[in-house]
Amino acid sequence: MATWHNLPSTVKSRTLEINGMDMHFFEVNPQQETGNDKAHHGLVILLHGFPEIAYSWRKIMVPLSEAGYHVVAPDQRGYGQTRPCGQEGIKVRYEDNVSPYRLLNLATDIVELVHALGYDSVEAVVGHDSGTRPAGFCALLRPDLFKSVVLMSAPFNGVSSSKKPSTKSLLYQLDEQLATLHPPRKHYMAYYCTSAANDDMSNPPQGLKNFLRAYYHMKSADWAKNDPHPLPSRDALSFAELPHYYIMPIDDTMPQSVGRDAPSSDEVSKNKWLTDEELDVYVAEYGRTGFQGGFMWYRCMTDPGRWADDLRVFAGKKIEIPAMFIAGKSDWGTYQFPGAAEGMREQLCTKMPLENFVLVEGAGHWVQQEKPEEVVKHLLRFLAGIRK
């Protein structure tokens with residue numbers, strides 16, 4: 001039995017059979033807590049990113065529920081306690097079939113979860129980091145089911161072209177250009193797609209806990225060197241402005257890239273948004289599962305010709321339900337791909353006014369953990385507008 005430090009007692013853990021998986025999720029249901037049907041405003045689904053799990057939403061679930069929402073946060077496919085039916089204790093391997101991690105199937109996971117919970121509509125689907133992709137596709141493809149969408153820390157751009165992708169994706173073309181720089185570099189997504197990445201990160205020389213502490217630290221507002229800004233262009237020199245956790249020295253592993261800027265013991269002791277006991281939850285889960293489940297998502301994202309060909313039919317389709325974007329002001333994720341944030345707000349999402357493009361002061365990439373009160377405030381403002 002997992003130990004979930006600082007998980008509120010009203011947050012329940014359970015599992016349902018969903019799309020060939022035993023899907024684990026946390027939930028808080030105001031009807032179960034209060035028995036008051038009038039307080040129930042509907043379902044909110046929270047989709048974590050990488051390297052996260054459902055536990056990453058622990059700080060905002062109860063406040064949303066207290067406002068009347070049934071809040072559900074699953075461990076998504078390849079993560080945490082969720083596993084293929086009948087395969088307890090079996091880790092995802094690089095050699096496994098990548099097809100189940102296709103975006104269309106990830107969105108299907110969420111649609112089936114909604115139906116299994118007994119709903120025929122969702123007030124909002126909220127995705128953080130890589131979770132913006134299944135959240136975005138839920139909004140794009142099923143506006144009849146999802147009333148609104150919130151994208152956090154990673155802009156979503158839908159399907160831009162109906163043309164069959166070239167054999168070598170734009171990401172891998174960029175990765176080749178980065179290798180020609182002095183010193184040569186590589187893109188973190190390309191690294192995540194290698195057969196070595198899972199072992200590198202599961203067995204880092206500094207230990208898993210120290211590695212994850214450094215990784216979470218560097219992408220937070222605690223790391224003083226984070227200075228996010230729009231990149232001037234899409235060439236390799238512009239991408240080289242990104243920190244080493246995005247654009248890595250070519251011979252580095254991720255533990256090496258973040259290890260050079262690991263927090264001091266004093267910085268760790270001052271960290272209030274991710275305590276040592278809370279970090280232990282991530283260490284225990286990733287120590288048990290490894291990282292390959294999350295890497296399968298990246299393999300699909302970076303090889304669209306093979307794993308996203310079925311999405312071309314949706315090229316040019318817009319998100320026409322109300323949409324919001326939330327990120328930390330110290331998060332490079334907003335700008336890691338030039339033009340992505342502008343394209344999302346001005347072209348893809350027809351109902352994302354400027355006031356719903358929110359950058360939270362004092363937060364980095366883990367905005368819902370670093371500044372949960374601010375995130376809850378903006379979510380409730382947005383959700384109240386949906387109900388009008």
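Rings of Phe, Tyr and Trp, the last taken by its six-membered ring, count as a pair if their centres lie within 6.5 Å. In this predicted model, the structure holds 27 aromatic pairs.

**Phe137 and Phe156**
- The rings of Phe137 and Phe156 form an edge-to-face pair, with 5.3 Å from centre to centre and 80° between the planes.
- Phe137 belongs to helix α4 (residues 132-141), whereas Phe156 sits in the loop between β7 (149-152) and α5 (170-178), so the pair ties together parts that are 19 residues apart in sequence.
- Phe137 is buried, with a relative accessible area of 2%, and Phe156, at 2% relative accessibility, also counts as buried.

**Tyr188 and Tyr298**
- Because the planes of Tyr188 and Tyr298 stand at 70°, and planes over 60 degrees apart count as edge-to-face, this pair, whose ring centres are 6.3 Å apart, is edge-to-face.

**Charge over a ring**
- Arg299 lies over the face of Tyr94, at a distance of 3.9 Å from the ring centre.

- In helix α2, which spans residues 58-66, the buried residues are Arg58, Ile60, Met61, Val62, Leu64 and Ser65.

How values were computed: Residues are numbered from 1 along each chain as its sequence is written. This is a predicted model: local features need pLDDT of at least 70, side-chain atom pairs count only at pLDDT 80 or more; totals for chains, interfaces and linings use all residues. Side-chain values use heavy atoms; hydrogens and water are left out. Buried means under 20% relative accessible area, exposed over 50%, partly exposed in between (1.4 Å probe, protein chains only). Helices (H or I, at least four residues) and strands (E, at least two) are DSSP runs, numbered from the N terminus. Rings of Phe, Tyr and Trp (its six-membered ring) pair if their centres lie within 6.5 Å; planes under 30 degrees apart count as stacked, over 60 as edge-to-face and the rest as tilted. A charge sits over a ring if NZ of Lys or CZ of Arg is within 6 Å of the ring centre and within 35 degrees of the ring normal.
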